[in-house]
Structure formats: C-alpha cells, structure tokens
Amino acid sequence: MAKYTKEDIFRIVKEENVKYIRLQFTDILGTIKNVEIPVSQLQKALDNKMMFDGSSIEGFVRIEESDMYLYPDLDTFVIFPWTAEKGKVARFICDIYNPDGTPFEGCPRYNLKRVLKEMEELGFTEFNLGPEPEFFLFKLDEKGEPTLELNDNGGYFDLAPTDLGENCRRDIVLELEEMGFEIEASHHEVAPGQHEIDFKYANAVKACDDIQTFKLVVKTVARKHGLHATFMPKPLFGVNGSGMHCNLSLFKNGENAFFDPNGRLQLSETALQFIAGVLKHAPNFTAVTNPTVNSYKRLVPGYEAPCYVAWSARNRSPLIRIPASRGMSTRIEVRSVDPAANPYLAMAVLLAAGLDGIKNKLTPPAPVDRNIYVMTKEERLEEGIVDLPATLAEALQNLKSDEVIVNALGKHLFEHFVEAKEIEWDMFRTAVHPWEREQYMSLY
C-alpha cells in the first residue's frame, strides 16, 4: 500500500489534473457510497471536516442523530484511470466518525479494525486475506438494462472465441493494474458467462478495500462493453453460483503463524485451532458471509459450493480447504463466502471465529478426504459433519445465538444487520413467485 502525506496528495492532484474527489465508504449491506466534491474542497476533506447525512444510509443512524463525518484514509488515494482527460476523478476510502470525534460503531471498516485490535492483543501482527471473487457477465438491452442473456457459453479456462468475455476481462485487469492491483490470475469460470480475477493477498483492511474497488471497476468496465456484471451469488438455476473463496493467514512479526514444518500437514497448532474455531462458528456466521436470500440457492450440493461443515487438505467439497503451498504461503481457504457479503463484516466474523479457536485451544475434527457430496446423511452424521443453514431465516436464528459472532459485529451493526435481513426474508417469504404459479395455478 502506498504511503501518502497531505503534501503528496496535493502535488499529485495538481500534476494529474484531478478535478473531482470521491469520498467513498461502505454501508452495512456492503454497498459502496460516496460523496463527490470538487478539488477546491480537498483541504476541507483532508482536515476531516466533510459532513454527510448518516440517517440516509442503510443501517447508520436515526434522523435526529444524522450528522456524520468522513475521515479519508490517505493511503487509499487513487485516480480512476477511465475518467476524462480534461478533469480526472480520484478517490479516498473513508472511515465514519461521530461529531464528537469518536469512531462510529456502525462503520463496517472501523468495526474490522476493532476486531483486529483483539488479534493484536493475542500477539499476532497481521491478518491476511487473499480473495477470489467470481462474477457473471450478462448482455444489456437497448435501454441499458441487464438481460438474462449470457455473454458467452464458455466453460472453465476456455479461451476466445468461446469465451467472448475475454476482452472485457482483459480490460478489467488493465484498469486494475493501473490502479496498483497485482493480478495473479484471470480466467473463465465453470458456468457460461462466469469469470474470476484473483489479486494478491494483503492485510485484511486493504484487502477489503480492494474487494470494494474491484467490484466498482468490474461493473464500470463491463458497462463499457455493453455488459452487466453481477456479483449475485446464484443468478441462474442449474449452473454453478459465484463464490468469493477467502484465503486466510495470521502473521506474527513477519512470520506465518500457520506454518510449522514439523506439524501435522505442516500446519501449526495455531492454524489447527483457528480452523477449529471457524468450523465451530460456521453455521452462525453464515448470515454474514452469505447475506442474501439468493445466497442459499448457491449453498446446495452438486455445484461445487460447500454446504457441509468440514475441512480437508485434499478435496474441494468441504467448507475449509488447505491449499498445498507451505512456508510463508501457508493458509486456509474458507470456501462458503459469497461476493454479496460485506467484506469488512465477513472478515470480522471469520477472524473472531478463528481467534476463539486459538483462545480456547480448540481441536478440529479429523479432516474429511472423501467427497462429502456423495455421502449419505447417516455417513455425514457419523463423521460429525453438520450442514450449513439452508435459508437466510435459519442463518439469522443461528447468528443471534452466538455471542462470539454477535460481539464481532458489535451492538449497532448486529441489531441493524438483523433488522434489515429479517425484512428482506419477510419480503421474500410473502411474495408470490413464478415457480408457485407454474406449479399450482392449473393444479388447484
């Protein structure tokens, strides 16, 4: 991450002819919000004096508490490469503060920093995340609205001309690299119209910032190609959904705390305890890592998404996989997370779950190296393998029961998240869907 001073910012803004600044932040549902200001207001922004109406943002505050302040993180300064030459647009990612100068507890980015402090109190210095977000590309209609017509019929690792999204994906990568991303891989995914771009891991806050920036770039570039990019977990029935596998590792003073050359699978006790904590809390943090009604259409057998709580170093059907790399690259891959998740909240609950395993010296169950999808329910029970929640409603009930996960969100975020998601579930539950009419209209 680049380190900038205020003087650096003013110099770059002048040299690059930046005319507008976007002050970005993320709401409780993971949606990027921004206040755009002319460059003449840059000094005010850098003095943390830019105010906005918090009562207008999902899950923030009531109207009588509406004044909130945007504190730009100088190290997140970047110029959007696609903006006009006659006046470029740059952005900062901001934390939200109260008028009295205290951090706002409903700010997802601040909340992650709060949980990271708990990690530091245990002696760890860094929590790293390498995300693998997937997305679909659909064609736009003549009005610029998304259709259900896919951009291609390609499959895993296919190339053009089968993969008609290749040019769009290449342009996305070029834009990301110009913004400082280190892209590790870019390829077509399993389903038609589905793509994945992987970028280098970073500390948790920067990685979450990168996920939000990534989504913005993907959607912006796709529209230039006459396409709509969606991170909806399961936009189409009968094909794989989109996940966001999260590769996680803890570091202590520059050393990977998950690696032990003499340990089981060359994993340290810390790694095994972290795994145990994630497995223990998985049914309860799923409402956060898979936060939409649609998320649970992906978490079903047969489409490579994990729906069972288990771990393995060998197969890809469990919730946690251990990639083969060791040494500094030792990590665990949590495969249930989807790209609709608010990344700051998802990392807060995953970290809290793992730390609970470390604090209580939990031992994970034996790894499951069989294909769980072909096991019977009885066989799974014998192995101690439980299911992830099947619906958002079930996931929310589980969430409420877990003190560790509730504390990882904090009172404000927990209450507002649950309220918003219970409304979402109730809207879905009471709506009449096309499937119901197809099944029942003629029969009854």
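Predicted model: local features only at pLDDT ≥ 70, side-chain atom pairs only at ≥ 80, totals over all residues.
Residues are numbered from 1 along each chain as its sequence is written, and side-chain values use heavy atoms, with hydrogens and water left out.

**The domains and their interface**

- Domain 1 spans 6-104 and domain 2 spans 114-434, with bounds from an automatic or database domain assignment.
- Their C-alpha centres sit 28 Å apart.
- On the domain 1 side, 19 residues are in contact with 20 residues of domain 2 (contact means heavy atoms within 4.5 Å).
- The two domains bury about 1600 Å² between them, 66% of it on carbon and sulfur atoms; buried area is the accessible area (1.4 Å probe) that two parts lose on being put together, summed over both.
- Ile 28, Pro 81 and Trp 82 supply 39% of what domain 1 buries against domain 2, more than any other three residues.
- Salt bridges between the domains number zero, counting a side-chain nitrogen of Lys or Arg within 4 Å of a carboxyl oxygen of Asp or Glu.

**What domain 1 brings**

- Strands E1 (18-26), E4 (67-79) and E5 (88-97) are the elements that each give two or more residues to the side touching domain 2; strands (E, at least two residues) and helices (H or I, at least four) are DSSP runs, numbered from the N terminus.
- E4 gives the most to that side, with three residues.

**Two buried residues**

- Thr 292 lies in the loop between helix H6 (269-289) and helix H7 (295-298).
- Thr 292 counts as buried because its relative accessibility is 17%, and buried means under 20% relative accessible area (1.4 Å probe, protein chains only).
- Beyond its neighbours within four places in sequence, Thr 292 is in contact with Pro 233, Ala 340, Leu 392, Lys 421 and Glu 424.
- Ala 348 belongs to helix H8 (residues 343-359) and is buried too, with a relative accessible area of 0%.
- Leaving out residues up to four places away in sequence, Ala 348 touches Asn 111, Leu 112, Val 115 and Ala 408.
- Phe 285 is 63 residues from Ala 348 along the chain, and their C-alpha atoms are separated by 9.9 Å.

Note on methods
Buried < 20%, exposed > 50% of the residue type's maximum accessible area, 1.4 Å probe, protein only.
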